[in-house]
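I opened this model to look up a few positions in turn. My entries follow.

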Amino acid sequence: MTAKPKLAVFKFASCDGCQLSLLSCEDELLTIAGAVEIAYFLEARTQQLEGPYDIGLVEGSITTAEDAERIHEIRRQCKFLVTIGACATAGGIQALKNWANVDDFIAQVYARPEYISTLATSTPISDHVAVDFELRGCPINKQQLLELIAAFLRGARPRTPSYAVCVECKRNLTVCVAVAQGIACLGPVTQAGCGAICPAFHRDCFGCYGPKEQPNLVSITTHYITQGSTPESLVRLTRSFNSNAPDFREASDALAAASDDHSQPGAAPCPPIEHSS
Amino acid sequence: MPANRTFIVTNLSRVEGEGALYVKLNGEQVEHIELNIFEPPRFFESFLRGREVREVPDITARICGICPVAYQMSSCHALEKALGINDQITPEIRRLRRLLYCGEWIESHALHMHLLHAPDFLGYESGVSMAADHREVVVRGLRLKKIGNDLLEILGGRAIHPINVTVGGFYKAPGRKKLKDLLPDLEWGLAASIEATRMAAAFDFPDFTMPYECVALRHPDEYPLNEGRIVSTSGLDIDAAEYEEHFQERQVPHSTALHSVLLPQETSYLVGPLARVNLCLAQLSPLARREADAYGIAWPSRNNFHSIVARGLEMIHAYEEAIEIVKDYQAELAVSRIPFELKPGEGSHATEAPRGLIWHRYRIGDDGLIADAKIVPPTSQNQGQIEDDLRHYVPQVASLDDAEATRRCEHLIRNYDPCISCSTHFIRVTWERT
């Protein structure tokens with residue numbers, strides 16, 4: 001009998017939500033476990049089989065010197081390395097510190113900053129090692145994760161869309177919140193994959209899947225400003241879970257430069273939070 | 001046992017997040033114990049500053065993929081107090097929020113009971129390997145979990161990081177038919193959660209008791225989820241606004257998660273399902289209440305290995321309450337969201353995450369943006385108690401070899417279902433024996 005492909009799941013700075021998506025494949029989990037050997041997955045099993053692994057799923061961003069080292073060893077161990085989620089593919093929500101002075105952040109949260117070791121930045125896995133495929137989302141969509149694993153098993157490239165959330169909205173017959181309600185929505189520049197759930201719930205897309213292929217952030221943000229959005233609010237909109245994705249980052253920097261008071265979210269000059277030592 | 005050996009054993013598994021345990025023994029005497037949480041800090045409290053009020057629940061959800069609702073609910077309630085609209089929340093919104101929280105309790109408790117913790121009692125290293133001999137248990141757990149996720153998807157848009165939760169209520173009330181269509185599954189889940197809890201209650205529990213100071217929310221009319229006063233075994237009874245007068249967070253060198261202590265003695269305390277059942281048994285739903293009495297466990301229990309039973313009782317409760325809410329849900333709400341005007345203010349609030357009390361405080365500045373945020377997750381509150389438990393438990397297992405002693409300690413830590421990503425995140429166990 002041929003040995004089953006070995007799958008490993010690794011975690012860096014993140015919320016665990018993307019790897020939880022594997023456990024959330026409730027109907028398919030035992031089928032997956034029959035098709036691949038889940039060789040390393042700390043959240044799900046105690047036994048840890050040694051590499052090399054055929055497919056490695058990486059969740060989370062690089063925020064410490066140790067993790068910047070660890071990802072290289074993981075790359076060596078994995079034949080096919082896939083990043084899952086906004087943290088691993090774009091740096092995640094914690095990349096907001098890239099715009100701030102990290103020492104200020106540490107001082108705000110910790111009474112004894114000297115105990116804390118962290119890099120000044122939160123960066124995606126691809127900034128550190130070669131990545132074979134990136135699965136977008138905050139969190140990823142479990143159907144896309146199943147497609148990824150199935151495609152890997154049949155030796156094909158996973159079929160995930162590169163078009164905008166707007167396409168999914170049209171397919172769902174959801175009334176456009178930007179056109180009908182004048183809400184600044186990131187749908188036109190955000191990659192599809194979530195099923196366009198936010199507009200279906202009468203609210204704006206806030207960019208969980210990051211920029212679509214060739215987005216035009218200048219056009220859409222200019223349009224929203226003419227409709228009454230402030231540059232500051234658009235800075236906040238583009239600086240969230242995929243803020244460090246180049247298209248969103250550049251757009252948010254341009255908006256911040258255009259903004260009068262140059263205020264930057266997350267970098268407000270506030271006194272430290274009082275924590276007792 | 002050979003002297004002067006240092007063992008680096010393993011990563012603590014089947015917990016959400018990552019940490020390390022260091023145990024130093026002199027013979028069978030515990031010299032030192034450290035539960036290290038070395039998840040890189042993610043600085044949520046810092047980058048919430050300068051954000052808009054309505055962005056907060058979307059951001060705080062990202063603290064944890066397993067219990068995002070707990071973060072969203074605590075944020076919303078605290079901000080509603082800061083904005084002065086907490087009294088305007090309608091009973092319908094309130095009920096839907098409880099239903100959403102029931103969904104999170106169901107998916108989290110089902111996952112922990114069946115896939116993370118039951119393998120410890122049944123002698124397996126994972127839920128998947130347990131499935132080879134106990135397939136029906138794993139399949140039941142997965143379906144119980146899925147129904148919780150279905151509830152979250154209908155109400156919240158998606159199970160992980162719901163998008164329909166906002167300050168003042170929901171962006172959109174759920175369709176009546178979608179909820180009602182879930183009733184047969186909820187009815188199945190109620191019966192299956194009773195079976196699951198009976199299974200858990202029949203497990204062989206280690207003989208280990210501790211004089212816990214339990215802390216939980218308590219509400220006169222309902223089992224605590226979203227609201228209540230913070231109470232404790234020794235008679236503490238305070239409003240969430242008084243939290244900081246009675247609890248303090250401290251930083252310890254070996255962890256990126258802060259340790260909470262109860263004042264004035266600066267002692268550790270217990271939050272989570274066992275604490276809640278111990279303090280709020282009377283408010284459990286009728287079937288959960290009946291089951292609680294049937295297992296021969298004397299409540300309040302001081303044995304935290306009973307936490308898997310407490311979790312089961314809460315899952316029964318959550319299914320029973322969910323059925324009641326769904327049956328009563330007659331029409332789409334006239335108002336799904338209470339409007340508000342941005343204004344300066346401060347508000348704090350506690351809710352009950354699946355793994356324990358979670359407390360948030362926000363200050364809104366003159367510019368209408370968040371000026372200050374403080375978040376105390378359940379795991380940082382339980383961290384000191386986990387270390388205390390280990391200090392008392394390790395002598396019981398110290399004569400075993402390192403692999404078995406590690407397994408027993410991991411089992412004990414899993415009583416807490418610690419969500420280390422919440423408190424910040426990696427677990428390895430190092431045994432130092434001299």
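This is a predicted model: local features need pLDDT of at least 70, side-chain atom pairs count only at pLDDT 80 or more; totals for chains, interfaces and linings use all residues.

Side-chain values use heavy atoms, without hydrogens and water, residues are numbered from 1 along each chain as its sequence is written, and chains are lettered from A and ligands numbered from 1 in the order written.

I placed B:Lys145 in helix α6 of chain B, residues 135-156; helices are DSSP runs (H or I, at least four residues), numbered from the N terminus.

Which residues does B:Lys145 touch, not counting those up to four places away in sequence? I found A:Leu23, A:Ser24 and A:Glu26, together with B:Glu107, B:Ala110 and B:Leu111; contact means heavy atoms within 4.5 Å. The side chains of B:Lys145 and A:Ser24 are joined by a polar contact of 3.1 Å (N or O atoms within 3.5 Å, one able to donate a hydrogen and the other to accept it; residues adjacent in sequence count only if both atoms are side-chain atoms).

I then consulted UniProt, whose unreviewed entry lists B:Cys64, B:Cys67 and B:Cys419 under "binding site". These residues span 356 residues in sequence, yet no two of their C-alpha atoms are more than 8.7 Å apart, so they gather at one spot. Such annotations may be inferred rather than shown by experiment.

I located B:Cys64 in the loop between α2 (56-60) and α3 (68-83) of chain B, and B:Cys64 is buried at 0% relative accessibility. B:Cys67 lies in the loop between α2 and α3 of chain B and is buried, with a relative accessible area of 0%.

Methods:
Helices (H or I, at least four residues) and strands (E, at least two) are DSSP runs, numbered from the N terminus. Buried means under 20% relative accessible area, exposed over 50%, partly exposed in between (1.4 Å probe, protein chains only).
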